[in-house]
Every structure is written in C-alpha cells, then in structure tokens.
Amino acid sequence: MTATAIEQHPDIAALRARYDRVAETPTAQLVEGLTLLTGLYLAMSPWVVGFTDHGSLAASNLFSGVAIALLALGFASAYGRTHGIAWVAPVIGVWTIVAPWLVSGPTADSSAVTSTVITGALAVLFGLGMLTMGMRRRM
C-alpha cells in the first residue's frame with residue numbers, strides 16, 4: 001500500500017473525522033484557547049513580571065511559551081493530524097515548573113518563580129486536557 005492509499009483507508013478517515021468532531025466542541029475550543037493564552041503569557045512573562053535579567057530562565061520561558069502556543073495553534077487547526085504529539089504540552093509544562101531551580105544563572109526572585117510555576121502548572125493542566133480530547137467518546 002502506498003501512503004496515498006493508507007490516507008484514504010476508511011478507518012483512518014473515520015478516526016480523523018472523529019478527532020475533528022471532538023476538536024469542534026466548545027470544551028475543546030476552550031482548552032485550546034486557554035493553552036494558547038498560557039503559552040503566550042509564559043513567553044512574555046519575563047517582561048511582564050520583570051525578570052529579564054535572569055537570562056537563562058527568561059530564555060526558557062520564552063522558548064517554552066512559544067512551543068506551547070504553537071502546539072495549541074496546531075491542535076486548534078488540525079487536531080486530527082497533530083494529536084500524536086499532544087503529550088508534549090504537559091512535558092513542557094513540567095519543565096516550566098522545575099526550570100527556576102534547574103537553569104543556570106542567578107537565583108530567580110519569588111515573583112519570577114511563582115509566575116513560572118503557576119504558568120507551568122496551567123500548561124500541564126491544559127496540556128492534559130488536550131491530550132485527553134481525542135480519547136473522549138462522543139455521547
């Protein structure tokens with residue numbers, strides 16, 4: 001079978017249609033939107049909270065936030081094709097939680113740590129929500 005023949009297999013088409021239906025629900029759209037906002041906030045948090053002088057943590061938050069935002073955009077636009085990497089968002093969230101203590105550089109102040117840990121926890125929560133979207137059955 002060629003790749004084109006596999007893509008048109010009825011089971012694969014039905015599975016993609018199911019993922020698309022799940023992604024169109026209000027709950028899924030809410031989770032995707034909140035994930036996008038979490039990623040955007042994480043990316044800009046060094047400037048919002050004021051810890052740009054902590055270069056390693058600021059860079060970690062910037063790159064992690066952009067990655068989460070891009071994942072959320074991918075899930076919102078084509079969940080049927082991107083659901084296989086949905087596990088990445090919670091992993092990035094866990095990294096975000098532990099990053100203040102693992103990245104090199106000066107010790108971050110309490111506002112930077114608090115902002116980063118809370119945002120990381122939200123990323124884990126919303127990432128798990130996106131991960132389970134495809135597993136939920138339509139009632």
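I note first that a crossing of two helices is called left-handed if the near helix is turned anticlockwise from the far one by less than a right angle. I keep in mind throughout that this model is predicted.

**Entry 1: helices α5 and α6.** I looked up how helix α5, residues 88-102, lies against helix α6, residues 110-133, and found that their axes come within 7 Å and cross at roughly 165 degrees. Because angles over 145 degrees count as roughly antiparallel, I wrote down α5 as roughly antiparallel to α6. The crossing of α5 and α6 is left-handed.

**Entry 2: what meets between them.** On the α5 side I listed A89, P90, G93, V94, T96, I97, P100 and W101, and these meet V113, T116, V117, G120, A121, A123, V124, G127, L128 and M130 in α6. I then checked burial in α5, where the buried residues include A89, P90, G93, T96 and P100, and I92 and A99 are buried as well.

**Entry 3: the bend in α5.** Where does α5 have its kink? I found a kink of about 30 degrees at T96, shortly before the proline P100.

**Entry 4: T38.** Is T38 buried or exposed? With a relative accessible area of 8%, T38 falls under the 20% limit, so I recorded T38 as buried. Its side chain reaches the backbone oxygen of L34 at 2.8 Å. Leaving aside neighbours within four places in sequence, I found T38 in contact with T119, L122, A123 and F126. A123 is also among the α6 residues that I had listed as meeting α5.

Notes
Residues numbered from 1 in each chain as written. Predicted model: local features only at pLDDT ≥ 70, side-chain atom pairs only at ≥ 80, totals over all residues. Heavy atoms only, no water. Buried < 20%, exposed > 50% of the residue type's maximum accessible area, 1.4 Å probe, protein only. Polar contact = N/O pair within 3.5 Å; in protein donor to acceptor, adjacent residues only side chain to side chain. Contact = heavy atoms within 4.5 Å. Bend = angle between axes of the 7 residues up to and from the residue. Helix = DSSP H or I, 4+ residues; strand = E, 2+ residues; numbered from the N terminus. Axes fitted to C-alpha atoms, helices over the stretch in contact; angles between N-to-C directions. Parallel < 35°, antiparallel > 145°, perpendicular 65-115°, else oblique.
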